[in-house]
Amino acid sequence: MHNVMVNGAAIPVIGLGTWTLKGELCSELVAHALSLGYRHLDTAAYYENETAVGEGVRFSNIPRDDVFVTTKVQYTDIAPGDLERSAEESLKRLGLDTVDLLLIHWPNPEVPLAGSIKALNSVRNSGMARHIGVSNFPTGMLAEAVHLSDAPLVANQVEYHPYLDQTKVHAACRAAGMAMVAYCPLGRGGALFEDAAIGDSAKRHDKSPAQIVLRWQVQQEGLVAIPRAERKEWLAENIDLFDFELSSEEMVAISRLRSRNYRIHDFGSLQRRSLQWDTPA
Ligand code: NAP
């Protein structure tokens, strides 16, 4: 698996998204994904599947240190004290001594960012997380977080697919030496897969629309994608991306689809009162 090197972290460019996967099905899919070559797993306290993800890692017999495990702290738990407790509980459920990456899942305008970033650093200093980062941070808040953090932040996990313009967030991540980790990288499939810009490349390269979309993601600098799939054939398809390349014309044609600026996940009502997404570039 290829990695992006960001602020001291080596992050495999494709990870398995695990939101909605639960229990035995989740453990089995995690172990299966690892057997196919996945080396990056994305979970969160909110997903209520950390126990199953940890079991999947153990079932797989892949050495723990070969797998990059990300988890996230709920926005309700990011005050100092709560954040450290949440990290400890995540580790207990995962059955791990440390995670590779701990993220603040969503910003919380009611909790001062300075305290959250300090707590995130103390989790890193105690060894409970090898690296730290954020998720769903617009550029203004990302700049603040970068400034407040003693240790370098390594990633901002945000929604990103061809229908959403994240030019500004991507540029801000790169300027800070961070990865942009794309969630909903397939835009959940559907209409996107029918788009001519995707379909034409799929025919040209004899690949599926999902593979074209994921290839477009990982061909961008500092980009990591974490697609979720339950179907085993799709799990296999989603890491089979490294035997072809999109031309610069194809990259531009797919990138043009961002003018739709279609977002699947908006802020909740709490965040909406004081936070705004970046406008299109
Ligand atoms: P996604 O990965 O864009 O799409 C998942 C959907 O695409 C599933 O319905 C899946 O089908 C289908 N699919 C997967 N591979 C396919 C293929 N090769 N061909 C056709 N269809 C395919 O959306 P997502 O699950 O919302 O996002 C991915 C991950 O991002 C989540 O699991 C989670 O880990 C993370 N996430 C993070 C946040 C955050 O706030 N930080 C928010 C949302 C998501 P089947 O499942 O039926 O196989």
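## Cysteines

The sulfur of C173 is 16 Å from the closest cysteine sulfur, which belongs to C184, and this is too far for a bond; seen from C184, the closest cysteine sulfur is likewise that of C173, at 16 Å. The structure accordingly holds zero disulfides, a disulfide being counted where a pair of cysteine sulfur atoms lies within 2.5 Å. C173 counts as buried at 0% relative accessibility, and C184 is also buried, with a relative accessible area of 13%. Here buried means under 20% relative accessible area, exposed means over 50%, and partly exposed covers what is in between, with a 1.4 Å probe and protein chains only.

## Basis of the model

This is a predicted model, in which local features need pLDDT of at least 70 and side-chain atom pairs count only at pLDDT 80 or more, whereas totals for chains, interfaces and linings use all residues. Residues are numbered from 1 along each chain as its sequence is written, and side-chain values use heavy atoms, with hydrogens and water left out.

## The sheet

Eight strands form an open sheet with parallel pairing, in the order β3-β4-β5-β6-β7-β8-β9-β10. Strands are DSSP runs (E, at least two residues) numbered from the N terminus, and two of them pair if DSSP finds at least two bridges between them. The edges are taken by β3 (16-17) and β10 (223-225), each with a single partner strand, so one side of each is left without a neighbour in the sheet.

## T70 in strand β5

T70 lies in strand β5 (residues 68-73) and is buried, with a relative accessible area of 2%. Beyond its neighbours within four places in sequence, T70 is in contact (heavy atoms within 4.5 Å) with H40, L41, D42, T43, L101 and L103. H40 is 30 residues from T70 in sequence, yet their C-alpha atoms are 7.7 Å apart in space.

## The ligand site

Around the ligand there are 29 residues, of which D42, R188, R228, E230 and N238 come nearest; a residue is included if one of its heavy atoms lies within 4 Å.

A polar backbone atom of T18 is 3.3 Å from an oxygen atom of the ligand, and a backbone N or O atom of C184 lies 3.1 Å from a ligand oxygen atom. E237 places a polar side-chain atom 3.0 Å from a nitrogen atom of the ligand. Taken alone the ligand exposes 920 Å², and the protein buries 90% of that, with areas from the Shrake-Rupley method and a 1.4 Å probe.

Technical notes
Helix = DSSP H or I, 4+ residues; strand = E, 2+ residues; numbered from the N terminus. Polar contact = N/O pair within 3.5 Å; in protein donor to acceptor, adjacent residues only side chain to side chain.
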